Amino acid sequence: MTSGFGLGLRTEHYNDFLAEPQPVDWLEVISDNYMVDGGKPLAMLDQIRANYPMIMHGVSMSIGSVNGLDKEYLRKLKILEQRVEPMWVSDHLCWSGVHGRNLHDLLPLPYTEEALQVVTRNVEQAQEVLQRPLVLENVSSYVEYESSEMTEWEFLSEVCKATGCRLLLDINNIYVSAFNHDFSPSSFIEGVSVESVTQFHLAGHLDNGDILVDTHDHPVCDGVWDLYREALLRFGYIPTMIERDDNIPSLPELIDELNVARAIADDVLNTKVAL
Amino acid sequence: MNLSELQSDFQRALFDTECKGADWISESARGLSARDRLDVYYNAYRLRLIDVLMDTFEHTAIYLGDDWFNQLAADFVQSHHSTYKNIGLYGREFPDFLAKQLPDDMEVSELALMDWKLRRAFDGADSAVMTQDDLQQLASEGTCIRLQAVPTLTTCTQQFNTLDIWHGINQEETPPTVEQLPEPIELLIWRKGYSPHFRSLSKIESAAIVCVRSGETLDTIGATLEKEFPEADVATEFGVMLHRWLDDEIIFGVRD
């Protein structure tokens, strides 16, 4: 089984994708990078889209903002969605600012009934505009709140139940948050319903000893590969990508890393079938 | 504490002049303290925005050097909250900020404004451009032609030899010593193809560009220039200008 493996499209690799077919099944684009008026970004997007299916992945929707969603942002996202015709549209379960300010970060939510109501309201609004289920990604986090009433995976499951949205499980983010907050990453994997998961992200992080920081500037580490194996056993075959945002290597190097994911998926899923 | 209070407090904590911690963050049994955990976000917020400024104002950063630029950028981040969804737009007020911070080094804010406008031209709106054939076709029809500037076209005024400084930096050479120009120059900035372009404008071309941007027809532009520059051979100069505008892809024409 070798299909269903992709990469995040980065400017450093535009020429590689334009020059010749590359062994990826789809590309994930950062929606925000293409919500611009024109020029090279949109021209490259159109040219590369002609040859690869795409997923749109956003970083600025701020689905957990108590102030609600930015309607102009949603309008621009919809225009891009109509241009790209992506397989799906994703963003993060987080908030990024309130009162008209933007912190440009993926800040964790308290897992409370009140936050659940806010996220449910906002997801429904986004899905109304997009006319398709939103896919939400779990974020890496460095703080937990005194007010939280449930686990992150319980919260995510409730959002899915309430809205019909789907999940992008970032295996690295589970690993990072589990270390930072001293919970079992397996509990997260086991705590999410099989039917809700649409995509996996794999990425690297920075180990600062006391805390892991989700930097996306390192290769995937052994612990994350092990957790990927666990996720494959539970969720089966799920479209998977390597996400690299900084210290970006050559495309062949990233494809080699993606091939590791392919080999692991083949190994785990073929073994599972044999059993 | 409800969600609104928590998000407002969290945001305030990141905007503060130092990371003071917060009692709504859980203390962990191991690893970092709650304050140090909040500090991860506090620092990331600043580093992310300083990185964006460093990227957008690339020539300015090189001109000032890392230490000085980082200090100015950090001061800007502390005093200017982002109101933009698109992080690339953060920095719109940075050239003005530099002008206020460095009143004796005004070439710095001029350089920053140039960096900013070139960056904005990069992903500004697309448009059709007029070609020599288009112009000849319209002229042969005897049509009254109203020119329009492409959406990325903009101008800026420089009082110093900032343009030479920019070129020096761009060619990885030591930039020239700053000098105030005998009189200000006008710089034209736009995108041709995928690449931002710029060049300086003569006074007559600058006046002509003002006419184009205000939607005048070819005939009225000529008349305006003749009135403003009675000593000039306007017919010849305007013809040369028009040719260059077509080559530069800065205009498209519409029938009046």
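Which residue just after H8(B) takes a positive phi? In this predicted model, Glu172(B) does, at about 55°. The points below take chain A, then chain B.

1. Overall form of chain A. The chain has nine helices and ten strands. Its radius of gyration is 18 Å, which agrees with the value near 19 Å that a compact globule of 275 residues would have. Along the principal axes, the C-alpha atoms fill a box of roughly 50 × 50 × 35 Å. Of the 275 residues, 60% count as buried. Take the contacts in chain A between residues at least 6 apart in sequence: 78% of these join residues at least 24 apart.

2. Strand S4 of chain A and its neighbours. S4(A) covers residues 89-92. Strand S3 (residues 54-57) of chain A runs parallel to S4(A) and is joined to it by two bridges; Met56(A) has Val89(A) as its bridge partner in S4(A). Strand S5 (residues 134-137) of chain A also runs parallel to S4(A), with four bridges between them. Here His92(A) has Glu137(A) as its bridge partner in S5(A).

3. Crossovers around S4(A). A right-handed β-α-β unit is made by S3(A), helix H3 (residues 71-84) of chain A and S4(A). From S4(A) the chain then crosses through helix H4 (residues 113-130) of chain A to S5(A), and this β-α-β crossover is right-handed as well.

4. Burial of S4(A). In a regular strand, side chains alternate between the two faces of the sheet. Val89(A) and Asp91(A) lie on one side of S4(A), Ser90(A) and His92(A) on the other, and all of them are buried. Both faces of the strand are therefore covered, since buried means under 20% relative accessible area. His92(A), named above for its bridge to Glu137(A), is one of these buried residues.

5. The loop between S4 and H4 of chain A. Gly97(A) is found in this loop. Gly97(A) counts as buried because its relative accessibility is 9%, under the 20% cut-off. Leaving out residues up to four places away in sequence, Gly97(A) touches Ser62(A), Ser65(A), Leu103(A) and, from chain B, Gln11(B). Between Gly97(A) and Glu190(A) there are 31 Å in space, C-alpha to C-alpha, and the two are 93 residues apart in sequence.

6. Two histidines with positive phi. His99(A) is placed in the loop between S4 and H4 of chain A, and its phi is near 55°, a positive value in a residue other than glycine. His104(A) lies in that loop too; it is not a glycine either, yet its phi is positive, about 50°. Are these side by side in burial, or is one buried and the other partly exposed? His99(A) is partly exposed, with a relative accessible area of 46%, whereas His104(A) is buried at 11%.

7. Ser177(A). This residue is found in helix H6 (residues 171-181) of chain A. Ser177(A) has a relative accessible area of 1% and so is buried. Its contacts, not counting residues up to four places away in sequence, are with Val139(A), Ser140(A), Ser141(A), Asp182(A) and Phe183(A).

8. Overall form of chain B. The secondary structure comes to eleven helices and five strands. The C-alpha trace spans about 80 × 45 × 30 Å along its principal axes. Of the 256 residues, 44% count as buried. Among contacts between residues at least 6 apart in sequence, 65% join residues at least 24 apart.

9. Helix H8 of chain B. H8(B) covers residues 162-170, and its buried residues are Thr162(B), Leu163(B), Ile165(B), Trp166(B), Gly168(B) and Ile169(B). These pack against several elements of chain B, among them helix H3 (58-64), helix H6 (106-122) and strand S2 (154-160). Strands S3 (180-192) and S4 (195-201) of chain B are also packing partners. Glu172(B), with its positive phi, comes just after H8(B).

10. Aromatic residues. Over all chains, the structure holds 24 aromatic pairs. One aromatic cluster in chain B is formed by Phe57(B), Phe69(B), Phe76(B), Tyr90(B), Phe94(B), Phe97(B) and Trp116(B). The charged end of Arg120(B) sits over the ring of Trp116(B), 4.7 Å from the ring centre. Arg46(B) lies over the face of Tyr42(B), at 3.6 Å from the centre of that ring.

Methods. Residues numbered from 1 in each chain as written. Chains lettered and ligands numbered in written order. Predicted model: local features only at pLDDT ≥ 70, side-chain atom pairs only at ≥ 80, totals over all residues. Heavy atoms only, no water. Phe/Tyr/Trp six-rings, centres within 6.5 Å; stacked < 30°, edge-to-face > 60°. Lys NZ or Arg CZ within 6 Å of the ring centre and 35° of its normal. Buried < 20%, exposed > 50% of the residue type's maximum accessible area, 1.4 Å probe, protein only. Pairing = 2+ DSSP bridges. Right-handed = clockwise from strand over helix to strand, strands pointing away. Contact = heavy atoms within 4.5 Å. Rg over C-alpha atoms; globule rule 2.2 N^0.38 Å.
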